[in-house]
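Dear colleague,

Please find below the structure that I would like to pass on to you. My notes on the salt bridges follow.

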Amino acid sequence: MAVRHQLISRPPEAVWAVLADASRYGEWVVGTSSSRHKSGDWPKTGSVLEYSVNLGPRTVHGETVVRLYEPPRRLELEAKSGALGTARIAIEVRPWGDETLVIVDEHPLRGPGGFLHNTAVDALVQLRHRSMLRRLADAVEGKPR
């Protein structure tokens, strides 16, 4: 189970503003080099964004579908990574005094990611989430990367 949290020094509305901006996805999602709106009204349920990941000389494209939209508290996404399969990514935004606690919970759903899911994979996802949440905090708090 890959669950990680980050305290962000801004109110939940500021965090939600970054999550709700599909064009900023590449700023905070580790591995994503760019993102763009594909369909629907992001981040409402059913909306889709496309993203690109640069893997050496190759660029791989995928898409993320919003499965649950409960502003400003919860956003659940399904990341579709082609041959690698899909993953559920739940983002919870909680007020924490004058700050915000963000909790990310990611699990494989389909494809090889589900077959290969184990504690070693979870450890790698934890490292990715640590970086991703730090990048999200920097984006929300206006810190340059």
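In this predicted model, R67 has a relative accessible area of 45% and is therefore partly exposed. R67 forms a salt bridge with E78, with 2.8 Å between the closest N and O atoms. Because R67 belongs to strand 4 and E78 to strand 5 (residues 74-80), the pair ties together parts that are 11 residues apart in sequence. E78, in turn, is buried, at a relative accessible area of 5%.

Strand 4 also takes part in a second contact. K38 and E63 form a salt bridge whose closest N and O atoms are likewise 2.8 Å apart. K38 lies in strand 2 (residues 34-39) and E63 in strand 4 (residues 58-70), so this pair links parts separated by 25 residues in sequence. K38 is partly exposed, with 45% relative accessibility.

A further salt bridge joins the side chains of R88 and D105, at 3.7 Å from N to O. R88 is in strand 6 (residues 86-96) and D105 is in strand 7 (residues 99-110), so the pair ties together parts 17 residues apart in sequence. With a relative accessible area of 22%, R88 counts as partly exposed. D105 has a relative accessibility of 18%, which falls under the 20% cut-off and therefore makes this residue buried.

R88 and D105 also belong to a network in which salt bridges with shared partners join R74, E76, R88, E92, R94 and D105.

With kind regards

Definitions and conventions:
Residues are numbered from 1 along each chain as its sequence is written. This is a predicted model: local features need pLDDT of at least 70, side-chain atom pairs count only at pLDDT 80 or more; totals for chains, interfaces and linings use all residues. Side-chain values use heavy atoms; hydrogens and water are left out. A salt bridge is a side-chain nitrogen of Lys or Arg within 4 Å of a carboxyl oxygen of Asp or Glu. Helices (H or I, at least four residues) and strands (E, at least two) are DSSP runs, numbered from the N terminus. Buried means under 20% relative accessible area, exposed over 50%, partly exposed in between (1.4 Å probe, protein chains only).
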